[in-house]
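Hi everyone, thanks for coming. Today I'd like to walk you through one protein structure, and please have a look at it before I start talking.

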Amino acid sequence: MRAAVLESYGEPLRIESVPEPEPEPHGTVVEVEACGICRSDWHAWQGHGEWADDQVPLGQVLGHEPAGRVAAVGEDVTRLSVGDRVAVPFNLGDGACPHCLNGHGNVCDDGYALGFEQAAPGAFAEAVHVPHADYNAVELPANVASEEMAALGCRYVTAFHALSHRVDLGAGDWVAVHGCGGLGLAAVQLAAALGAGVVAVDVREDPLELASDLGATATVDASDVDDVPEAVATHTDGGAHVSIDALGRAETCRNSVECLRTRGTHVQLGLTTDAERGEIALPVDRMSRWDISFLGSRGMPPTRYDELLRMIATGRIDPGALVTRRVALSDVSDRLAAMTDYGTRGVEVVTDFGG
């Protein structure tokens, strides 16, 4: 089968023929119909993460936001059948560790990171293997297309988990979102759907316009103001209740923390680059004085995907609205390169695995 393989950091992925996966007894093979291209793929392609012992190995098939149809089923799988339409979380659990058993499979002790480690080849390929499929594979409702689910990918589930499970966002709260790439825009749409007022922050006009279309109450062009936290405070009558850094730069992280009101909560979603190497200086005295919380968040437990799928089914959110480009497998390298200078908009999805 055709797959996009990481041969050298920062260089074009090699489109080559690799063996088709066979299901483990506990696994399934999914024929990939759509797979999102995410900034986390860009981090992997750049070779980031060495500072956190998280660098993706060369030879890896990338891609971690797939949806498609079950093509083969392992002998121990009981919940799925050939032909079922499923989505696949990137944070794969074994379904048996204490975290999985307590509803936190996104941080499974023995989990896999789809597309980021040798044990879990990714979905920039015609097919992908899903381990522990009874636990991990998420069946899709009839009215949710594979392309929509690929857009949902890690971005919507990560943003939803952060807003609904990590901070328990309340209706009427103010949320600031720093960085309006696919992850940030997903957070904008979700926060608005959950009843919050949203201030979107970016340095580009086009993503800010899209944020407004997706429900942002106000936007801040960070390249056009002297003090981003002050601008956010003006729009939120004193500061955000919740603020998200969806980019992972030192500047956006600090702005996110500093735009919070008393007892506000910052959530870190964006991964850092080799400029920060996983370390960002923060105003900890201010955080202590004003009872400010700093949280991390990663993916979402597969056992809670139904909450998000219900929001799609009832029309409260529309992940398809973020899809701005459909590309072939051979285009992935160019689209990753475009992310280097923030040259993408919304969510781009691979839908052609033969081209």
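I'll go through a helix, a few backbone angles, some salt bridges and a patch of charge.

A word on the ground rules. This is a predicted model, where local features need pLDDT of at least 70 and side-chain atom pairs count only at pLDDT 80 or more, while totals for chains, interfaces and linings use all residues. Residues are numbered from 1 along each chain as its sequence is written, and side-chain values use heavy atoms, with hydrogens and water left out.

Let's begin with helix α1, residues 39–46. Helices here are DSSP runs of H or I with at least four residues, strands are E runs of at least two, and both are numbered from the N terminus. How many of the eight residues of α1 are buried? Six of them are, so the helix is largely enclosed by the rest of the structure. By buried I mean under 20% relative accessible area; exposed is over 50%, and partly exposed is in between, using a 1.4 Å probe and protein chains only. The buried residues in α1 are Arg39, Asp41, Trp42, His43, Ala44 and Trp45. What do they pack against? Their partners are β3 and α11, the latter being residues 332–340, and contact here means heavy atoms within 4.5 Å. After α1 comes glycine 47, with a positive phi near 85 degrees.

Histidine 132 is not a glycine, yet its phi is positive, about 45 degrees. You can find histidine 132 in the loop between β8 (127–130) and α3 (133–136). Aspartate 291, also a residue other than glycine, has a positive phi near 60 degrees. Aspartate 291 sits in the loop between α9 (284–289) and β15 (293–296), and counts as partly exposed because its relative accessibility is 45%.

Now for salt bridges, meaning a side-chain nitrogen of Lys or Arg within 4 Å of a carboxyl oxygen of Asp or Glu. The structure holds 14 of them. In one, glutamate 139 meets arginine 79, at 3.3 Å from N to O. This pair links distant parts of the chain, 60 residues apart: glutamate 139 is in strand β9, and arginine 79 is in the loop between β4 (66–73) and β5 (85–87). Both ends count as partly exposed, glutamate 139 at 38% relative accessibility and arginine 79 at 34%.

Another salt bridge joins arginine 325 and glutamate 348, with the closest N and O atoms 3.3 Å apart. Is glutamate 348 buried or exposed? Glutamate 348 is buried, with a relative accessible area of 5%, whereas arginine 325 is partly exposed at 39%.

Last stop, the surface. Glu20, Glu22, Glu31 and Glu126 gather there in a patch of negative charge. A patch takes residues with over 30% relative accessible area and no salt bridge; like charges are joined within 9 Å, and nonpolar side chains (Val, Leu, Ile, Met, Phe, Trp, Tyr) within 5 Å. Where is glutamate 22? Look in the loop between β2 (14–17) and β3 (28–37). Glutamate 22 counts as exposed because its relative accessible area is 62%.

Key. Accessible areas come from the Shrake-Rupley method with a 1.4 Å probe; for residues, only the protein chains shown count as cover. Lys and Arg count as positive and Asp and Glu as negative; His and the chain ends are not counted. The place of a charge is taken as NZ of Lys, CZ of Arg, CG of Asp or CD of Glu.
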